[in-house]
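The stops below tell you what to select next.

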Amino acid sequence: MIILIDSGNSRLKVGWLDPASPDMPREPATVAFDGLDLDALDRWLTALPRRPSRALGVNVAGADRGAAIAGVLQRHGCAVAWATSQPTTLGLVNCYKNPSQLGADRWASLLGVLSRLPGTHPPFLLASFGTATTIDTVGPDNVFAGGLILPGPAMMRNALAHGTANLPIADGQVVPYPTDTHEAIASGIAAAQAGAVVRQWLAGRQRYGEAPQIFAAGGGWPEVRQEIEHLLADTGGGFGAAPVPIYLNHPVLDGLAARARANPAPHA
């Protein structure tokens, strides 16, 4: 049994699979905790049907968090290997100037999307709305072209509230023409996120000569989904087809699962 770990800035997602079992479903069995609640991780490990042999994970929450997670796993006799971005993994090619600088979570997520696609596929972009929003594009040749990083919806809202004297933590509707401050902030955040997604979709269409498929992930997606889908419909209609984003629950864990299946031997 292999434990999969996605240690993010706010949440800790974990899963498990047995890549050697022919009856194991393609997706790992997963659960999410508050990122600081490592007691919950300990209880989850205790309740597993079998003792895990090893763990594979990504950690973008800092060295201290990684060490704390490793300590919990060690108590269960399980060592963890923290995956990093590479120049190429499972056929995905990394075009970052310094491939190791790409966030390990972004790299694993793209591997997770790719694991769902057939060998021949259109270009795709993955928009992940977490603490930060990342929008990454992969071509039909499986080359990661690059991507954007911007503050996520919650970070945008908090920045306005804490960085100004008079703006509140907004709790308003997203509307075309806001007429109060809460609506203005909520609509501005959604518009910024949607504009970034559509920018990359248009750039991908121009680069590849065909419309990229869009995947979405992250806890901020419900907040911005409607605005993104509306803007994509308006924009895509001019090209004859409006793209509809496909939401993925745990692309990082999917990517780690793909790596684990490709190399199921311990200590690989």
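Which residue in strand 5 stands opposite Leu56? Select Ala81: Leu56 faces it there. Before moving on, note that this is a predicted model, in which local features need pLDDT of at least 70 and side-chain atom pairs count only at pLDDT 80 or more, while totals for chains, interfaces and linings use all residues. Residues are numbered from 1 along each chain as its sequence is written, and side-chain values use heavy atoms, with hydrogens and water left out.

**Stop 1: the open sheet**

Select strand 4 (residues 54-59) and strand 5. They pair in the parallel sense, over three bridges. Strands are DSSP E runs of at least two residues, helices are H or I runs of at least four, and both are numbered from the N terminus. Two strands pair if DSSP finds at least two bridges between them.

Five strands form it, open, in the order 3-2-1-4-5, with mixed pairing. Strand 3 (29-34) and strand 5 (80-82) are at the edges; each has a single partner strand, so one side of each lacks a neighbour in the sheet. Neighbouring strands are turned by 20° against each other on average, direction ignored.

Contact means heavy atoms within 4.5 Å. Axes are lines fitted to C-alpha atoms, for helices over the stretch in contact, and angles run from 0 to 180 degrees between N-to-C directions.

**Stop 2: strand 2 and its partners**

Select strand 1 and strand 2. They form a hairpin with three residues between them. They run antiparallel, joined by six bridges. Find Leu4; its bridge partner in strand 2 is Gly15.

Turn to the pairing of strand 2 with strand 3. This one is also antiparallel, over six bridges. Trp16 stands opposite Ala29 of strand 3.

Is strand 2 enclosed or open to solvent? Six of its seven residues are buried, so strand 2 is largely enclosed by the rest of the structure. Buried means under 20% relative accessible area, exposed over 50%, and partly exposed in between (1.4 Å probe, protein chains only).

**Stop 3: the largest nonpolar core**

Which members of the largest nonpolar core touch the most other members? Select Phe129, Ile135 and Ile228, three of its 20 residues. Such a core is a set of buried Ala, Val, Leu, Ile, Met, Phe, Trp, Tyr and Cys residues joined through side-chain atoms within 4.5 Å. Strand 8 (124-129), helix 5 (181-208), strand 11 (213-217) and helix 6 (221-237) each supply at least two residues. Helix 5 gives the most, with seven.

Centre on Phe129. Beyond four places in sequence, its contacts include Pro153, Val197, Trp221 and Ile228. A second, separate core has 18 residues, among them Ile3, Ile5, Phe33 and Trp44.

**Stop 4: helix 5, end to end**

Select helix 5. Its 28 residues reach 40 Å from first C-alpha to last, close to the 40 Å expected at 1.5 Å a residue. The expected span is 1.5 Å times one less than the number of residues. At the N-terminal end, Asp180 is the cap: a side-chain oxygen lies 3.1 Å from the backbone nitrogen of His182. After the helix comes Gly209, with a positive phi near 75°.

Methods
Polar contact = N/O pair within 3.5 Å; in protein donor to acceptor, adjacent residues only side chain to side chain.
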